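The points are meant to be read with the sequence and the coordinates at hand.

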4 protein chains.
Amino acid sequence: MVKAKVRVGIVGYGMIGCRCADAVSLQPDMKLIGVADAVVDYRIKAAYEKGYEIYASPPERLDEMSKAGITLAGTLDDLLKEVDVVIDATPAGIGARMKAVYEKAGVKAIFQGGEKHELAGHSFVAEMNYETALGRQFTRVVSCNTTGICRVIGSLHRAGLVERAWAILARRTTDPWKAHSRATLDTMVPEVHIPSHQGPDAQTVIPDLPITTIAAKGPYTISHMHFAVVKAPRNVSKEEVLTVLDKARRVCFVDTADGLVDLASVMELMKMLGRPMGDMWEVAVWRDILSTSRDEIYLVYQVHNLAIVVPENIDAIRALTELESDPAKSMDLTDRTLGVKESFFTRAG
Amino acid sequence: MVKAKVRVGIVGYGMIGCRCADAVSLQPDMKLIGVADAVVDYRIKAAYEKGYEIYASPPERLDEMSKAGITLAGTLDDLLKEVDVVIDATPAGIGARMKAVYEKAGVKAIFQGGEKHELAGHSFVAEMNYETALGRQFTRVVSCNTTGICRVIGSLHRAGLVERAWAILARRTTDPWKAHSRATLDTMVPEVHIPSHQGPDAQTVIPDLPITTIAAKGPYTISHMHFAVVKAPRNVSKEEVLTVLDKARRVCFVDTADGLVDLASVMELMKMLGRPMGDMWEVAVWRDILSTSRDEIYLVYQVHNLAIVVPENIDAIRALTELESDPAKSMDLTDRTLGVKESFFTRAG
Amino acid sequence: MVKAKVRVGIVGYGMIGCRCADAVSLQPDMKLIGVADAVVDYRIKAAYEKGYEIYASPPERLDEMSKAGITLAGTLDDLLKEVDVVIDATPAGIGARMKAVYEKAGVKAIFQGGEKHELAGHSFVAEMNYETALGRQFTRVVSCNTTGICRVIGSLHRAGLVERAWAILARRTTDPWKAHSRATLDTMVPEVHIPSHQGPDAQTVIPDLPITTIAAKGPYTISHMHFAVVKAPRNVSKEEVLTVLDKARRVCFVDTADGLVDLASVMELMKMLGRPMGDMWEVAVWRDILSTSRDEIYLVYQVHNLAIVVPENIDAIRALTELESDPAKSMDLTDRTLGVKESFFTRAG
Amino acid sequence: MVKAKVRVGIVGYGMIGCRCADAVSLQPDMKLIGVADAVVDYRIKAAYEKGYEIYASPPERLDEMSKAGITLAGTLDDLLKEVDVVIDATPAGIGARMKAVYEKAGVKAIFQGGEKHELAGHSFVAEMNYETALGRQFTRVVSCNTTGICRVIGSLHRAGLVERAWAILARRTTDPWKAHSRATLDTMVPEVHIPSHQGPDAQTVIPDLPITTIAAKGPYTISHMHFAVVKAPRNVSKEEVLTVLDKARRVCFVDTADGLVDLASVMELMKMLGRPMGDMWEVAVWRDILSTSRDEIYLVYQVHNLAIVVPENIDAIRALTELESDPAKSMDLTDRTLGVKESFFTRAG
């Protein structure tokens with residue numbers, strides 16, 4: 001007997017929503033029913049161009065959106081009747097209002113990192129706690145920075161190498177689509193509160209991760225850079241750290257010796273590798289920068305602010321809907337269909 | 001009888017070379033033999049990852065490049081023996097040195113806009129002068145900005161609407177891969193010489209185009225913005241101008257009303273449309289900004305600094321090799337295989 | 001008999017207000033009574049540090065502002081009782097609400113370019129129309145860009161050299177104090193409407209100036225760059241144009257040959273010349289870029305977005321209050337006290 | 001008997017040289033003889049405008065520099081005959097070549113942080129090791145970042161609060177005068193080597209400072225931001241740390257609550273306070289960001305990349321020439337003449 005495909009809706013067709021829609025479309029065990037949004041601008045027109053069904057959310061937007069020259073498939077309510085699970089990719093804070101709507105409609109939902117842990121009652125990073133999400137109605141894929149921390153520092157932690165960790169997060173200011181008027185320029189802006197929220201947020205996934213984070217935003221639009229100092233419980237060698245990270249899923253090495261000297265050149269590599277939207281789903285750890293000194297480990301890594309959560313959302317669908325109970329099998333399928341790699345250069349050294 | 005495919009080599013695997021390699025690979029009447037470059041960095045590793053054959057150019061680089069963990073297919077000399085035509089996408093000024101090599105090897109070559117018109121003796125924009133390149137050994141695809149001018153102002157000129165034209169070119173400072181240390185930041189840099197070279201350069205393609213250009217570079221990495229003032233020989237309406245540009249090939253409209261309010265949002269649209277590398281081969285003309293006043297036309301348009309010349313290189317191959325003598329047929333094939341559009345939104349209004 | 005000093009208040013202590021306060025303080029015929037603002041942040045603390053009297057505006061802010069550790073001199077009403085004239089440097093649009101307050105208090109007021117011409121019924125550029133402001137209750141110092149256009153293109157116009165003019169205004173995105181979150185980054189943003197408001201705005205000062213402006217904002221915080229094309233009624237030489245601009249007040253030449261190659265290097269020169277706040281009150285016209293071709297003139301010039309209106313505000317005080325009926329005498333005094341130059345290098349060539 | 005003034009020359013009139021020239025001019029116990037440079041551009045023209053004597057360095061530049069419209073006072077050799085001490089503010093690496101020239105001329109010299117410690121045999125931060133420079137022929141004022149580390153982390157260290165420290169240095173990419181073509185844009189660039197040189201460099205001043213630094217450069221031109229994590233030998237309170245830093249010389253607090261939320265707003269404050277060139281000689285430590293947790297201290301502070309070393313150079317002159325043997329007296333005089341503060345707001349809270 002063939003298992004029926006899980007029916008998925010995307011609510012909020014912004015920069016995460018559009019990526020999730022494409023990713024769902026690539027899954028053999030899922031069917032994208034449609035995407036819901038509140039306005040018809042170039043983003044929705046691009047979705048329509050791809051043939052995605054468009055739903056009005058909130059429903060009262062239907063009339064106005066219909067005037068924009070596209071044929072709508074219905075309202076959010078119509079979409080919710082057709083789906084098993086939604087990815088809520090609405091702007092931060094809106095998800096909190098949507099939860100009741102999903103509850104009423106009886107659909108499962110995956111929120112994003114802009115929402116609080118308490119909203120979903122569960123926070124998700126596939127490699128770390130897939131099992132605990134099995135069958136739940138809600139989970140929350142944690143933010144890009146938190147996901148990056150979990151993959152990298154979490155992997156070192158699982159290998160017993162983290163007695164204490166600190167990470168400075170030099171975040172990108174805003175996405176390109178808002179860079180016309182909402183960006184930071186020629187300055188660096190520290191966050192007022194230390195620890196920044198990402199440290200405690202990582203602990204919603206890995207409760208005993210002893211990390212403190214300090215954040216700032218800088219004038220760039222493309223991904224974040226983390227500088228981490230890890231104190232190990234004993235002396236460690238660079239080779240030992242590399243071995244742990246090499247085995248960590250969705251973590252890849254880059255080397256300045258290859259010309260990958262900054263955030264932008266790594267992004268160029270993604271384009272040259274043919275990645276859709278130039279995306280990097282993996283965390284890129286600089287291999288030739290990574291160093292150790294006695295019991296201390298120093299790392300610099302790059303986190304794509306949008307793409308990194310896409311495979312996590314796909315896995316979260318499988319966990320909530322129990323499409324797949326084995327985390328590794330879900331992640332293998334996600335990674336294969338999307339093109340997530342364990343190494344950017346599989347042919348060359 | 002099946003016509004043999006034209007055998008193509010790419011010399012210089014930078015940001016134009018890599019795009020041309022992918023574009024050649026998509027052509028039913030061409031075969032990509034390989035790409036030549038002087039170093040093995042992330043760019044060449046990405047080419048190798050795609051399965052392209054890598055050649056060392058200059059030949060004396062063979063040994064060092066071989067040490068980088070990839071298997072080379074040979075030297076430039078080996079490549080030239082295998083091909084009918086090369087796209088020379090080496091850095092500006094290098095092409096001038098390569099011409100003799102191509103002549104000696106008896107291969108046709110297409111240079112890029114960084115080289116002087118005199119090097120090739122012919123400058124190329126498909127829509128404007130494809131026929132004059134038929135059977136030549138050399139041509140030069142003019143630079144991104146010049147190509148943009150030819151498509152937009154050239155189309156108005158062909159429609160008899162240009163008595164005089166001026167364009168201010170607000171150029172991007174550098175490509176992302178060099179943005180770590182070679183960029184402009186928080187300032188605008190005017191070019192010292194007026195007219196800037198793009199005006200006279202456009203006249204190598206359209207000799208009687210009465211245009212003067214003023215250029216400056218600004219702190220952005222993603223495409224150029226042109227501000228053009230055109231004096232027509234008579235009063236013109238906005239509708240008349242839109243009709244001409246709507247018919248111009250490889251020119252598309254964008255509207256701020258769709259949220260396409262700046263260079264960056266148009267680039268986001270390209271990603272959302274699934275364009276490889278987020279590329280925009282077309283010139284984007286702002287439709288709701290375009291205006292006229294009596295005999296004057298005001299236009300703002302966007303030129304992608306790398307992608308715009310890719311379809312031109314493909315057409316230039318067909319012209320030089322006489323694969324196709326009908327310009328429209330060549331351009332139709334190029335546009336269909338690459339995905340070049342006459343309108344970004346074909347379903348929506 | 002000694003003429004009593006004019007008593008001046010500054011309403012709105014932002015980036016223009018603070019400069020005007022300092023400039024008023026330097027005038028032998030004016031007395032700065034105090035500055036009014038609505039919050040106590042670093043700007044007001046800096047004013048207090050200088051010894052300026054601080055007034056709460058609106059009055060209901062008095063209590064909250066008093067808690068911030070500074071001693072207030074009173075409310076706006078108190079200030080208005082003490083002054084003959086105010087410089088209203090409140091954010092754009094607030095001035096429109098303040099006019100009634102000034103009328104009721106019977107004080108003269110100078111609004112800034114963020115307000116509409118109609119609010120004041122008169123728009124002011126000292127060199128162009130000082131006389132027409134004599135004795136008025138209100139005027140408006142036009143915006144930085146409009147002031148720049150009036151000084152440069154207006155001077156050419158007065159010399160009979162402008163049959164038609166077009167200017168592309170590549171504006172700075174925002175001031176540094178807002179650059180943490182309100183800026184443009186890595187993109188260029190065209191204004192939707194052509195002509196942009198600066199052209200018509202210049203005509204409120206010089207009614208018959210035949211100019212059309214096109215504007216865009218770019219990712220830089222320091223001053224604007226204008227690219228102007230002027231069609232003269234006859235053939236002109238570069239020397240003739242230079243002679244006219246050399247005589248224009250508050251216009252100085254810069255040369256790329258001196259290393260002054262962009263907006264930022266000219267700003268560095270201002271710092272090196274010891275200008276307060278690194279200010280440039282003059283328009284900087286690139287002398288070695290300026291060129292002519294038959295009856296066309298091409299100019300590139302730089303307009304400081306804050307400083308340029310400071311001498312204009314000082315002159316406007318003298319005009320409204322009739323402290324000085326001779327425009328040249330007012331401007332001479334303003335320029336001497338502030339340090340405004342006709343040439344940046346008075347000793348060297 | 002009146003002590004003769006120390007006679008000072010500045011070699012290299014760049015962004016540090018020009019500041020040092022102005023600072024020397026303000027000292028009652030020093031006399032600026034002149035400045036030496038190799039070209040006549042806007043920087044030298046600005047120096048000439050101020051009335052500084054200009055010398056050609058190297059001497060063979062005399063003829064060419066003389067053609068630029070300024071009257072030279074002689075060559076470097078002439079300058080060296082007239083001075084007791086020079087501040088060598090030549091580009092990094094040039095100082096190493098100049099040492100022999102100074103030795104031959106028998107003048108004392110102060111090198112900058114671009115030179116190696118070994119060149120001078122002594123590295124200088126006034127508050128930390130003034131005494132050890134007394135009477136030496138050479139010293140080196142360490143770089144801006146190293147000076148900042150010494151003042152802030154060094155002060156905590158002297159107070160017994162540093163068992164271990166790590167600092168991430170988010171450096172500005174380049175100075176504004178080079179921002180037209182040598183900058184970083186829309187990306188962050190990590191330094192390849194960990195520890196970055198500033199940690200070991202600080203140890204040339206404070207040998208037992210247990211710090212490791214990680215550096216990166218970001219796309220901004222105005223000062224650096226440091227993120228420091230300090231592990232104390234015991235639990236510490238925020239109040240205790242604030243008390244130590246409050247007493248540290250040339251360290252001032254800033255608060256986000258005052259609107260000082262980023263590098264740029266602090267720079268705006270400097271302009272509003274009337275600082276020459278908008279300079280900040282002090283390190284600005286964010287008071288309301290600073291926090292502690294048990295035995296850990298987290299700090300974010302800002303280091304002006306040019307101004308911070310100016311008072312250090314002045315003190316170094318007094319130390320080398322033994323004008324003043326008491327460090328505190330030298331620093332008091334320097335701070336009073338320049339306007340260096342222990343608090344930016346002396347009147348307000």
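1. The structure is a predicted model. The values quoted in this note should be read as computed from that predicted model.

2. Relation of chain A to chain B.

3. Extent of the interface between chain A and chain B. Chain A contributes 39 residues to the contact, and chain B contributes 39 residues. Between them, chain A and chain B bury about 3700 Å², with 62% of this area on carbon and sulfur atoms.

4. Polar and charged pairs between chain A and chain B. Two salt bridges are found across this interface. Lys45(B) forms a salt bridge with Asp258(A), and the closest N and O atoms of this pair are 2.9 Å apart. Twelve residue pairs, with both residues at pLDDT 80 or more, are in polar contact across the interface of chain A and chain B. On the chain A side, H1, H2 and helix H11 (263-272) each supply at least two residues. By class, the side of chain A that touches chain B comprises 20 nonpolar, eight polar and eleven charged residues.

5. The interface between chain C and chain D. Here 39 residues of chain C are in contact with 39 residues of chain D. The area buried between chain C and chain D is about 3700 Å², of which 62% lies on carbon and sulfur atoms. Two salt bridges are counted between these chains. Lys45(C) forms a salt bridge with Asp258(D), where the closest N and O atoms are 2.9 Å apart. Twelve residue pairs are in polar contact across the interface of chain C and chain D, both residues being at pLDDT 80 or more.

6. Elements on the chain C side. Which helices of chain C each supply at least two residues of the side that touches chain D? They are helix H1 (15-25), helix H2 (42-50) and helix H11 (263-272). H2(C) gives the most to this side, with seven residues. The side of chain C that touches chain D has 20 nonpolar, eight polar and eleven charged residues.

7. Domains of chain A. The domain assignment gives domain 1 (6-142 + 309-338) and domain 2 (144-303) of chain A. Taken over C-alpha atoms, the centres of domain 1 and domain 2 of chain A are separated by 26 Å. Domain 1 of chain A brings 26 residues to the contact and domain 2 of chain A brings 19 residues. The two domains of chain A bury about 2000 Å² between them, 54% of it on carbon and sulfur atoms.

8. Pairs and elements between the domains. Ten salt bridges are counted between domain 1 and domain 2 of chain A. Arg250(A) forms a salt bridge with Asp315(A), with the closest N and O atoms 2.7 Å apart. The elements that give two or more residues to the domain 1 side include helix H1 (15-25), helix H12 (309-321) and helix H13 (327-338) of chain A. The largest share of that side, six residues, comes from H13(A). The residues of the domain 1 side divide into 14 nonpolar, four polar and eight charged.

9. A loop residue, Ile222(A). Ile222(A) lies in the loop between strand S11 (211-218) and strand S12 (224-231) of chain A. Beyond its neighbours within four places in sequence, Ile222(A) is in contact with residues including Leu263(A), Met267(A), Asn305(A) and Asp186(D). The C-alpha atoms of Ile222(A) and Arg171(A) are separated by 9.1 Å, and these residues are 51 residues apart along the chain.

10. Salt bridges over all chains. The count over all chains comes to 101 salt bridges. One of them joins Arg19(B) to Asp279(B), the closest N and O atoms being 2.8 Å apart. This pair links distant parts of the chain, 260 residues apart: Arg19(B) is in helix H1 (residues 15-25) of chain B, and Asp279(B) is in the loop between helix H11 (263-272) and strand S14 (283-286) of chain B.

How values were computed: Residues are numbered from 1 along each chain as its sequence is written. Chains are lettered from A and ligands numbered from 1 in the order in which they are written. This is a predicted model: local features need pLDDT of at least 70, side-chain atom pairs count only at pLDDT 80 or more; totals for chains, interfaces and linings use all residues. Side-chain values use heavy atoms; hydrogens and water are left out. Contact means heavy atoms within 4.5 Å. Buried area is the accessible area (1.4 Å probe) that two parts lose on being put together, summed over both. A salt bridge is a side-chain nitrogen of Lys or Arg within 4 Å of a carboxyl oxygen of Asp or Glu. A polar contact is a pair of N or O atoms within 3.5 Å; within protein, one must be able to donate a hydrogen and the other to accept it, and residues adjacent in sequence count only if both atoms are side-chain atoms. Helices (H or I, at least four residues) and strands (E, at least two) are DSSP runs, numbered from the N terminus. Ala, Val, Leu, Ile, Met, Phe, Trp, Tyr, Cys and Pro count as nonpolar, Asp, Glu, Lys and Arg as charged, and the others, Gly among them, as polar. Domain bounds come from an automatic or database domain assignment.
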